[in-house]
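Work through these exercises with the model open. Each gives a task, then a solution in steps.

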Amino acid sequence: MTTSAMTSPALNVLLDDVATTLGSVDQTINQMMAVKTALLATAARIADDEPFDSVDSREMSHRAVATELAAVLRISDRAVEAQMGDAALLVNAFPATAAAFGAGRISYAHMRIILAAGQPIETAEGRARFEKIVLPRAESESPNRLRPFAKQAAERLREVSFTERHSEARERRGVWVREADDGMAELVQFGPSALIHAEHDRLTQMAFAQKTENKRIAKESKNDDFADERMMAQLRCDILSDLILTGVPKGHTTTDGLLGEIQAHIDITVPALSLTDPDALAAPGHLEGIGPIDPETARILVGQTPGFDRVFTDPVSGTVVAVDRYRPSAEMRRYLRARDRRCRFPGCRMLARLCDGDHTIDHALGGPTALSNLADFCRRHHVTKHCTPWKVRQLGGGLLEWTSPTGRTYVDRPPGVATHVTFEDIQDRMPDPDPAPF
Ligand SMILES: [Zn+2]
């Protein structure tokens, strides 16, 4: 006798249909992923085999190919370049896995796990043995079960000692920021395990001492206002901010001895209303190129700054229409930064503050130093503009039209410009700032 998943026969038939269709949809997605991976590997081979005429280096050739594909896929070219690298690695270093993936015997998730676990194996023989061990398992187990098995198998086939691997891993140490929602972000430090745990332990001890001290004061003064309600995690976070923003490094110094004097730098935009009206708390400040910050923090920061630029924006389109005390040079650069906020290559989010101002039509070729001929590009895309066949022209109102090496066109809008606004609209509202030399 068979048992049904659902007690109602009608629902059971429906569930059976959903399960069958889901299975074939999943199979189709995996087949499509295999095709996509093969295409990305082909793109990597095109970049290796056929450098563009004006580009002689392999790197430029890969970047030119990645930018062309990234614009079609509407993702960043850095991401596409990484995907091309992974696809090439699969085809060149793990041929048996590539064949199993292409034939639909393993899924995209299985393939990623085999690649990640097997990548550190140094020799082709080692990788071939690894594939022989893990592929049968991949064809019969879920990705989650495959992962620890593949890691263990790879570990046994590696030829480099832990000590050597650790010193190599140490070279990848670093600190970076990950954006989160609601005006929050994460600061991530990747470093030697012993140091990281020591840092966490010191923060914990400091947080505990602070909490104990505040409790003692509250008890002695019989005033509960001094009692610290913060959780240990919150205290660790607050103390870490104190240490990083105001502490002085002991193990590092410069010849002038002023390393510890360096202050943190951020650019924020604050609606004038939220500075003057204490009830206008709904309109948050904006951290340049990142996202909203709360008005309270914005007000405190503005109160501490020696001066700031006023930026006037169109209330409908959000386009920057003027900057206070407009002068050429520094003012013009500030205007550009306020308009562009980030690199103006399609898909790139590098902050304008870290970008180069670029003459769209080269200054040497008669291009004027005017806002209608200037835009911010990060170093990577500045080089892309000059060293690959990508072309760019200004449409007015800060809109840039890019043409890829194969002739596809893309319009990049300044972040403040609403997408439903046409450029004729914007040109009507834009002031006509005098062209001025940089
Ligand atoms: Zn860029």
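Buried means under 20% relative accessible area, exposed means over 50%, and partly exposed lies in between. The model is predicted.

**Exercise 1. Locate Ile-121 and decide whether it is buried or exposed.**

Step 1. Ile-121 sits in the loop between α5 (108–118) and α6 (124–138).
Step 2. Its relative accessible area is 2%. The cut-off for buried is under 20%, so Ile-121 is buried.
Step 3. Now look across the chain. Ala-154 is 33 residues from Ile-121 in sequence, and their C-alpha atoms are separated by 6.6 Å.

**Exercise 2. Run the same test on Ala-128 and Leu-235.**

Step 1. Ala-128 belongs to helix α6. Its relative accessible area is 40%, so Ala-128 is partly exposed.
Step 2. Ala-128 and Ala-93 lie 35 residues apart in sequence. In space, their C-alpha atoms are 8.7 Å apart.
Step 3. Leu-235 is part of helix α10 (residues 232–246). At a relative accessible area of 1%, Leu-235 is buried.

**Exercise 3. Identify the donors of the zinc ion and assign the geometry of its site.**

Step 1. List the donor atoms. They are SG of Cys-343, SG of Cys-348, SG of Cys-378 and ND1 of His-381. The distances run from 2.0 to 2.4 Å.
Step 2. Read the spacing in sequence. The donor residues follow C-x4-C-x29-C-x2-H.
Step 3. Check the angles. Among the four donor atoms they span 99 to 116 degrees. Four donors count as tetrahedral if all angles lie between 85 and 135 degrees, so the site is tetrahedral.
Step 4. Cys-378 has a relative accessible area of 2% and is buried. His-381 is buried too, at 0%.

**Exercise 4. Classify the ring pairs that involve Trp-402 with Phe-377 and with Trp-390.**

Step 1. A pair of aromatic rings is described by the distance of the centres and the angle of the planes.
Step 2. Set the cut-offs. Centres must lie within 6.5 Å, and planes over 60 degrees apart count as edge-to-face. By this rule the count comes to seven aromatic pairs.
Step 3. Phe-377 is in strand β9 (residues 374–377) and Trp-402 is in strand β11 (residues 399–403). The pair therefore ties together parts that are 25 residues apart in sequence. Phe-377 and Trp-402 are both buried.
Step 4. Take Trp-390 and Trp-402. The pair is edge-to-face, with 6.2 Å centre to centre and 75 degrees between the planes.
Step 5. Trp-390 lies in the loop between α14 (379–387) and β10 (391–396), whereas Trp-402 lies in strand β11. The two are 12 residues apart, and the pair links distant parts of the chain. Trp-390 and Trp-402 are both buried.
Step 6. Ring pairs join Phe-345, Phe-377, Trp-390, Trp-402 and Tyr-410.

**Exercise 5. Which ring does the charged end of Arg-137 sit over?**

Step 1. Find the ring. The charged end of Arg-137 sits over Phe-149.
Step 2. Read the distance. The charged end is 3.9 Å from the ring centre.

**Exercise 6. Examine the backbone at Asp-182 and Arg-341.**

Step 1. Recall the background. Most residues other than glycine have a negative phi.
Step 2. Asp-182 is not a glycine, yet its phi is positive, about 60 degrees. Asp-182 lies in the loop between β1 (174–179) and β2 (185–190). At a relative accessible area of 76%, Asp-182 is exposed.
Step 3. Arg-341 also has a positive phi, near 60 degrees. Arg-341 is placed in the loop between α13 (330–340) and β8 (356–359). Its relative accessibility is 23%, so Arg-341 counts as partly exposed.

**Exercise 7. Describe the second largest pocket and its lining.**

Step 1. State the volume. The second largest pocket holds about 300 Å³ of space.
Step 2. Name the lining. There are 15 lining residues, and the closest to the pocket centre are Ala-43, Ile-46, Val-65, Glu-68 and Leu-69.
Step 3. Assign the helices. α1 (9–49) and α2 (58–73) each supply at least two residues of this lining.

Technical notes:
Residues are numbered from 1 along each chain as its sequence is written. This is a predicted model: local features need pLDDT of at least 70, side-chain atom pairs count only at pLDDT 80 or more; totals for chains, interfaces and linings use all residues. Side-chain values use heavy atoms; hydrogens and water are left out. Rings of Phe, Tyr and Trp (its six-membered ring) pair if their centres lie within 6.5 Å; planes under 30 degrees apart count as stacked, over 60 as edge-to-face and the rest as tilted. Helices (H or I, at least four residues) and strands (E, at least two) are DSSP runs, numbered from the N terminus. Buried means under 20% relative accessible area, exposed over 50%, partly exposed in between (1.4 Å probe, protein chains only). A charge sits over a ring if NZ of Lys or CZ of Arg is within 6 Å of the ring centre and within 35 degrees of the ring normal. Donors are N, O and S atoms within 2.8 Å of the metal (3.2 Å for Na, K and Ca); water is not among the atoms, so sites may look incomplete. Four donors count as tetrahedral if all angles lie between 85 and 135 degrees; four count as square planar and six as octahedral if opposite donors are over 155 degrees apart and all others between 65 and 115; anything else is irregular. On a 1 Å grid over the protein atoms alone, a cavity is a set of points where a 1.4 Å probe fits but cannot get out, and a pocket is an open set with protein on both sides within 12 Å along at least five of seven lines; lining residues have an atom within 4 Å of a point. Grid points are joined across faces, edges and corners, and a volume is the space filled by probe spheres set on the points.
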